[in-house]
Amino acid sequence: MSNPLISARGLTKKFGDFTAVNGIDFDVFKGESFGFLGPNGAGKSTAMRIIGATSQRTSGTISILGKDPELHGPQIRAHLGVVPQQDNLDMQLSVAENLYIYGRYFGLPRKFVKGKVDELLAFAQLEEKRDAKVETLSGGMKRRLTIARALVSEPEILMLDEPTTGLDPQARHILWDRLFRLKEQGVTLLITTHFMDEAEQLCDRLIVMDKGTIMAEGSPASLIKDYATKEVLELRFGSDRNQEMGAKLRTMCDRIEELPDRVLMYTDDGEALLEKIYAADFHPKTSLVRRSSLEDVFLRLTGRTLIE
Amino acid sequence: MSLTQIRQGSLVLVDAARVQSRGALYVAQARIRQMMKWIWLILGIAIANPILYLISVGIGLGGLIDQSVGPAGVDGVKYLTFLAPALLAQAAIQGTMDETVFPTIEGFKWHKTFYSMNATPLSGVQISYGVFLTALFRAFYTVVLYFGVMWAFGALESPRAWLAIPTAVFAGASFGALMQALAARLEDENIFFVVLGRFVMMPLFMFSGTFFPLTSMPFFLQWIGWISPLWHATELGRHLTYGHAISPTMIWVHFLFLGIMLVLGLFFSARIFTKRLAK
């Protein structure tokens, strides 16, 4: 494999007594779509800000595009496109102006940026909003504009921190479509998310983070294969009985998780297991057989759900 | 649906060295673009303010004062002439303050735009200088307009009166730089605005020898003037617009005071910007 674009060893960031990122190692390669999956507070955003060459690490090493961000911050940032968790657009300027001034921050020539603005407005499907004030845009439009803005300098790596948090399902799908196009075009993507469906859709490879450390690393499929079964049977017996029923069902499958609202049974054949359960005279209020997801991987690794 | 190809990975496109030398100007360009959204309001205030002040206080109140002091005048001149240089400096100070404090709080807190700037090759130092440069620009045209109104009111007596323009801008720069550093440290701006308005701006305006010579104040209150950039600029402005007598040493003291304040303000502002962005 070629040299990684980003390579971190023992990367650590402390805020006073609190360790936000605790000695993580990872490599990101060109053209790859790499994800950080974990709940809020796992240290994903902190890691992103270090990779973004804005926040300084406490210890460990990191090289981005072959350079140390502590010494070459501006040179590294020249080749990154950053989409922060919170859209920090210029609210007083128009959509096109936001793209234009951002291109100028990279020192790009006026003429080049003007052409780029048209191109990006088309990409973000915001051509009709060209002269609208940012204040008047919907959440999804603001998000697309923030992504378009990050592309103005034709970055080597596009970094997205929680790209679809707070968006409605339709806006999420439009955004995923845009990101998927970028991925198809070979753009190196770095994504943090606490949505497992997002990680499954967009990431080739990901690390699962919790409390500042890496719990597991791999492709979504391999993580599911390694840390979960093919299928999951979800049973609901009513909030007060899930715990009790879970204990009774334990012997019927490899692994079982009792959550407050439901019991999860891990198996390679959900339907067969369900039949066995009915045959044994258990009567859940509802039942659902589904494919295992990264949510199950996370539950297995940490004993907790992603969204609490 | 469009099928726009997004190009990527042209490592030669962005010239980080170019940004390193001109970054502050790029920030100022963007800030001026924002300012242009309000330009008619800003210009309206910049012209209405001196007209209203010079008519009401300068001519209205000034008429009474001129009558009671007789031909000796206030500091040897009409009250209007005495008052105008102080208001000129005050206009510069107000202009830089508006253009440093609000954008700084907006950049760090309200819209977090400084963080988006810092995600480009721009550094905290450049962002801080860019905001400051814009404030200087605003102070400059505000003062020029003010000066024009002063001229129309006949408040200028000396041929070198125009030199009061740079000294007023200088005072604005000193105060603005310090305010920018303070604003950059703020976590809670609400208390700041109350304190700033009532316990800083108001006393400075009232007790900097603006409406009467500082020496006519009780001695124990005169220190407010000594630490006020407004007083230092007013003394220089009076010297330049009508020949108010000050010793060469004091001229140096005034410049030195404003200069030190400016250097400290810029230094701390750049430092606080850098630290806060890197958190």
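A helix here is a DSSP run of H or I that is at least four residues long, and helices are numbered from the N terminus. The structure shown in these views is a predicted model.

**Figure 1. Gln29(B) in the helix H1 of chain B.** Gln29(B) belongs to helix H1 of chain B, which runs over residues 16–35. Gln29(B) counts as partly exposed because it has 17 C-beta neighbours inside 10 Å, and a residue needs 20 or more to be buried. Leu133(B) is 104 residues away from Gln29(B) along the chain, and the C-alpha atoms of the two are separated by 9.6 Å.

**Figure 2. The annotated stretch of chain B.** An unreviewed UniProt entry gives residues 41–276 of chain B the annotation "domain: ABC transmembrane type-2". Over these residues the chain is 80% helix and 0% strand.

Figure 3. Chain A has 11 helices and 13 strands. Its C-alpha trace spans about 75 × 45 × 40 Å along the principal axes. Of its 308 residues, 50% count as buried. Among the contacts in chain A with a separation of 6 or more, 67% join residues 24 or more positions apart. Chain A is divided into domain 1 (1–79 + 156–218), domain 2 (87–155) and domain 3 (225–302). Between the C-alpha centres of domain 2 and domain 3 of chain A the distance is 47 Å.

**Figure 4. The annotated stretch of chain A.** Residues 6–236 of chain A carry the annotation "domain: ABC transporter" in an unreviewed UniProt entry. This span is 37% helix and 28% strand. Its end C-alpha atoms lie 44 Å apart.

**Figure 5. The loop that holds Gly43(A).** Gly43(A) sits in the loop between strand S3 (33–37) and helix H1 (44–51) of chain A. Gly43(A) is buried because 25 other C-beta atoms lie within 10 Å, and the cut-off for a buried residue is 20 or more. Leaving aside residues up to four places away in sequence, Gly43(A) touches Ala20(A), Val21(A), Met209(A) and Gly212(A). Lys142(A) is 99 residues from Gly43(A) along the chain, and their C-alpha atoms are separated by 25 Å.

**Figure 6. The side of chain A that touches chain B.** In this view, 35 residues of chain A are in contact with 38 residues of chain B. Helix H2 (69–77), helix H3 (95–105) and helix H4 (110–123) of chain A each supply at least two residues of this side of chain A. H3(A) gives the most, with four residues. By class, this side of chain A has 16 nonpolar, 12 polar and seven charged residues.

**Figure 7. Helix H3 of chain A and what covers it.** H3(A) is mostly covered, with 11 of its 11 residues buried. Among the buried residues are Val95(A), Glu97(A), Tyr100(A), Arg104(A) and Tyr105(A). The cover over the buried residues of H3(A) includes, from chain A, H4 and helix H5 (139–150). From chain B, the cover includes H1 and helix H4 (113–118). H3(A) is followed by Gly107(A), which has a positive phi near 75 degrees.

Technical notes
Residues numbered from 1 in each chain as written. Chains lettered and ligands numbered in written order. Predicted model: local features only at pLDDT ≥ 70, side-chain atom pairs only at ≥ 80, totals over all residues. Buried ≥ 20, exposed ≤ 12 C-beta atoms within 10 Å, placed from the backbone. Contact = placed C-beta atoms within 7 Å. Nonpolar A, V, L, I, M, F, W, Y, C, P; charged D, E, K, R; others polar. UniProt positions renumbered as here; feature names shortened; annotations may be inferred. Domains from an automatic or database assignment.
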